[in-house]
Amino acid sequence: MTYIHYQYPFILMSANNRRIRRIIVELLYEHGAMTKEGMADLLAKSKSIRTVPSPHSLSALMSKNPQIIPVGEEDVENAVGIKASHLVYDIDRNLIRSKEDIVYSRTPTVMTPSQVSKSQRCSLCGRVRVFPEGETKCIHCIRDACE
């Protein structure tokens, strides 16, 4: 006899992280470069987020997203007075030039189900992406970001 153990909280967390990753990219597009603390403040003001991820989780969500790149560092002082250097994140502005480009540069792990059904594998670079209308290659190859 075989038992199957479903871990529902992890399935929900994965879907929640996908949604948060999509919101993070949109907020960075609208508000520009910021640290994880600045992003936490914006997420707290967002009505679609119930709980804001911890700073460590937020840093992991931002650093593992290929649409987001570190653009510098900012010295931050905590309540005790200890200074730390935090990364400043922004979207890849060479790749994402308009709001529509956000959808075209998403990875399959962040796409919505309808976007997954529209996605194709690029014949040049092998990435699975939603192609712009009328194009036969992904946004990365169009912008020459695959070099």
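Two strands are taken to pair if DSSP finds at least two bridges between them; the strands themselves (E, at least two residues) and the helices (H or I, at least four residues) are DSSP runs, numbered from the N terminus. The model is predicted, so local features need pLDDT of at least 70 and side-chain atom pairs count only at pLDDT 80 or more, while totals for chains, interfaces and linings use all residues. Residues are numbered from 1 along each chain as its sequence is written, and side-chain values use heavy atoms, with hydrogens and water left out.

**Panel A. The protein chain contains six helices and four strands.** Along the sequence, these elements follow the pattern α-α-α-β-β-α-α-β-β-α. Of the 147 residues in the protein chain, 35% are buried (buried: under 20% relative accessible area; exposed: over 50%; partly exposed: in between; 1.4 Å probe, protein chains only). The accessible surface of the chain comes to about 9500 Å², and carbon and sulfur atoms account for 53% of this surface (Shrake-Rupley method, 1.4 Å probe). Among contacts between residues at least 6 apart in sequence, 47% join residues at least 24 apart (contact: heavy atoms within 4.5 Å).

**Panel B. Strand 1 and strand 2 form a hairpin.** Strand 1 comprises residues 68-77 and runs antiparallel to strand 2, to which it is joined by nine bridges. Strand 2 covers residues 83-91. Isoleucine 68 stands opposite isoleucine 91 of strand 2. Five residues lie between the two strands, and in this turn glycine 81 has a positive phi of about 110 degrees.

**Panel C. The largest nonpolar core has 24 residues.** A nonpolar core is a set of buried Ala, Val, Leu, Ile, Met, Phe, Trp, Tyr and Cys residues joined through side-chain atoms within 4.5 Å. Ile24, Leu28, Met39, Leu43 and Met62 have the most contacts inside the largest core. Helix 1, helix 2, helix 3, strand 2 and helix 4 each supply at least two residues of this core. The greatest contribution comes from helix 1, which gives six residues.

**Panel D. Methionine 39 and leucine 58 are in contact.** Residues up to four places away in sequence not being counted, methionine 39 touches Ile24, Leu27, Leu28, Met34, Leu58 and Met62. Leucine 58 belongs to helix 3 and is buried, with a relative accessibility of 0%. In sequence, leucine 58 and methionine 39 are 19 residues apart; in space, their C-alpha atoms are 8.2 Å apart. Leucine 58 is also in contact with Ile24, Lys36, Ala40, Leu43 and Pro53, its neighbours within four places in sequence being left aside.

**Panel E. Helix 2 has buried residues on one face.** The buried residues in helix 2 are Lys36, Met39, Leu42 and Leu43. Because these buried residues fall within an arc of 120 degrees when seen down the helix axis, they line one face of helix 2 (arc: that of the directions from the helix axis to the C-beta atoms). Ala44 and Lys45, on the other side of helix 2, are exposed.

**Panel F. Arginine 106 forms a salt bridge with glutamate 26.** The structure holds four salt bridges (salt bridge: a side-chain nitrogen of Lys or Arg within 4 Å of a carboxyl oxygen of Asp or Glu). In the pair of arginine 106 and glutamate 26, the closest N and O atoms are 3.6 Å apart. Arginine 106 lies in the loop between helix 4 (99-104) and helix 5 (113-118), and glutamate 26 in helix 1 (residues 8-31), so the pair ties together parts that are 80 residues apart in sequence. Arginine 106 is buried, at 4% relative accessible area, whereas glutamate 26 is partly exposed, at 31%. Glutamine 115, located in helix 5, is in contact with Arg106 and also with Val103 and Val130, leaving aside neighbours within four places in sequence. Glutamine 115 is buried, with a relative accessible area of 12%.

Panel G. Lysine 99 is partly exposed, at 36% relative accessibility. Aspartate 101 lies in helix 4 and arginine 143 in the segment after helix 6 (139-142), so parts 42 residues apart in sequence are tied together. Aspartate 101 is buried, at 6% relative accessibility; arginine 143 is partly exposed, at 22%.
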